[in-house]
Amino acid sequence: MVNCKRCKDKPVYNRLCKSCFLRYFEKKVRKTIREFKLIEKNDKILVACSGGKDSTSVLYLLKKIFSKRKDLVIEAIAIDEGIKEYRDKNLKFLKKFCEKEDINLYIYSFKKEFKIELDAIIKDEKPCSICGVLRRKLLNQMAKKLNATKLVTGHNLDDECQSILMNQFRRDVKTSARLGPKTGILVDKGFVQRIKPFYLMLEKEVAIYAFLKGFMQQLNECPYEKVSYRADIRDMINNFEQKYPGTKNSTITSFLEILPVLKKEYKNKGNLKHCKECGEPCSQDICQGCKIIQKLLRKT
Amino acid sequence: MKVYIDRGNRNIEITKESVQDILFELKINPTTVLVSVNNKLVDINYKVKQEDKVEILSVISGG
């Protein structure tokens, strides 16, 4: 058997043993935060948590990295979309986790805030796009309400690769301009800055970190994930990565080279408005979230 | 040896030795899974013994 390339212990991934892998992972996340200036002095950081491996790991690691920074506040926020079996289980785990780690957790639900539940309305619709729009809307609204200056997501390198290709295939370059370790194109007080500390970490690496830290017990896949366009793109990229190792890293590295140009290009295109219904920043008179809610409420 | 896939949803008998061979036999892409042997994480070169409990866990989870 081939031993760890750093200390000769038993390897768990890519010729690194458990302790060398954890050191590698945490060091790379620290570097990502530093290099892209994701966290600044006096930030009030809200971590968007699903109870899954990515967001639980990012919450845990930020707490660990910044435990001595008295100027920073780190709290967690979760959205209950109303997906039985899946979200229920994950939120149960998350509540326990936050209690153990002494982290404030805020939970908001589609049912209470929008008067709808995903399971009840999903039959004829595209579940992931509806869920994504509504979840982003509620997260931004509540992050502002809680005076957060940064909204952290557990998005990893695989997620970003998928988004880049999805936008490319749909000829939606503007949406790609919003990507990156710090999302968005325009600075507006209506947006809470989103940041992705796991931007350079592979999904498999995050899973290994979560497994080694004991956050993988509740792992289960969203029942609607299988029917999404993203799932097809994900499978395609994974097959390509197996055949041509390094594909994912190359996609992100080259995207980061063109991202500043994209952000500059789209900064002055299109007017930023505020939704007449809810006041959220958007590109039309009514935001996409309010349009979806109105449509769904008409159906019920 | 017994191989458990995704927390026992599938439980199959297999005779291959290395983790890499097992995944190949099952047509599973190694970039999408973690493999644990007797509850300990191992890399793909690990040689498995007949009495070992092998678990294959998907790394994919919807957000």
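Me: Is Lys53(A) buried or exposed?
Reply: The model is a predicted one, and the class follows from the computed accessible area. Lys53(A) has a relative accessible area of 0%. Buried means under 20%, so Lys53(A) is buried.

Me: Which residue meets the side chain of Lys53(A) in a salt bridge?
Reply: The N to O distance of this pair is 2.9 Å, and a salt bridge requires such atoms within 4 Å.

Me: How many residues apart are Arg135(A) and Glu81(A), which meet in a salt bridge?
Reply: The side chains of Arg135(A) and Glu81(A) meet at 3.6 Å, N to O. The pair links distant parts of the chain, with Arg135(A) in helix α6 (residues 127-145) and Glu81(A) in the loop between β4 (73-80) and α3 (86-101) of chain A. Arg135(A) counts as partly exposed at 23% relative accessibility, whereas Glu81(A) is buried at 1%.

Me: Which residue is linked with Asp43(A) and Lys150(A) in a network of salt bridges?
Reply: Asp43(A) and Lys150(A) form a salt bridge, with their closest N and O atoms 2.8 Å apart. This pair joins the loop between α1 and β3 of chain A to strand β6 (residues 150-152), 107 residues apart. Both Asp43(A) and Lys150(A) are buried. The network also contains Glu40(A).

Me: How many disulfides does the structure hold over all chains?
Reply: A disulfide needs two cysteine sulfur atoms within 2.5 Å. The sulfur of Cys98(A) is 5.8 Å from its closest cysteine sulfur, in Cys49(A), and is therefore too far for a bond. The sulfur of Cys290(A) is 3.7 Å from that of Cys278(A), its closest, which is also too far. Over all chains, the number of disulfides is 0.

Me: What is the phi value of Asn42(A), a residue other than glycine?
Reply: Asn42(A) is found in the loop between α1 (18-35) and β3 (44-49) of chain A. With a relative accessible area of 56%, Asn42(A) is exposed. Its phi is positive, near 65 degrees.

Me: Is Lys8(A) buried or exposed?
Reply: Lys8(A) is found in the segment before β1 (11-13) of chain A. A patch of positive charge on the surface includes Lys8(A), and among its other members are Arg15(A) and Arg34(A). At 59% relative accessibility, over the 50% cut-off, Lys8(A) counts as exposed.

Me: What accessible area do Phe169(A), Tyr229(A) and Met236(A) have together?
Reply: These three residues form a nonpolar patch on the surface. Tyr229(A) lies in helix α10 (residues 229-243) of chain A and counts as partly exposed, at 33% relative accessibility. Together the patch residues have an accessible area of about 280 Å².

Me: How far apart in space are Val37(B) and Glu55(B), C-alpha to C-alpha?
Reply: Chain B follows the pattern β-β-α-β-β-β along its sequence, and Val37(B) lies in its strand β3 (residues 33-37). Val37(B) is buried, with a relative accessible area of 4%. Although Val37(B) and Glu55(B) are 18 residues apart in sequence, the C-alpha distance is 6.3 Å.

Key: Residues numbered from 1 in each chain as written. Chains lettered and ligands numbered in written order. Predicted model: local features only at pLDDT ≥ 70, side-chain atom pairs only at ≥ 80, totals over all residues. Heavy atoms only, no water. Patch = residues over 30% accessible without salt bridge, like charges linked within 9 Å, V, L, I, M, F, W, Y side chains within 5 Å. Areas by Shrake-Rupley, 256 points an atom, 1.4 Å probe, with all protein chains shown as cover. Lys, Arg positive; Asp, Glu negative; His and termini not counted. Charge placed at Lys NZ, Arg CZ, Asp CG, Glu CD. Helix = DSSP H or I, 4+ residues; strand = E, 2+ residues; numbered from the N terminus. Buried < 20%, exposed > 50% of the residue type's maximum accessible area, 1.4 Å probe, protein only.
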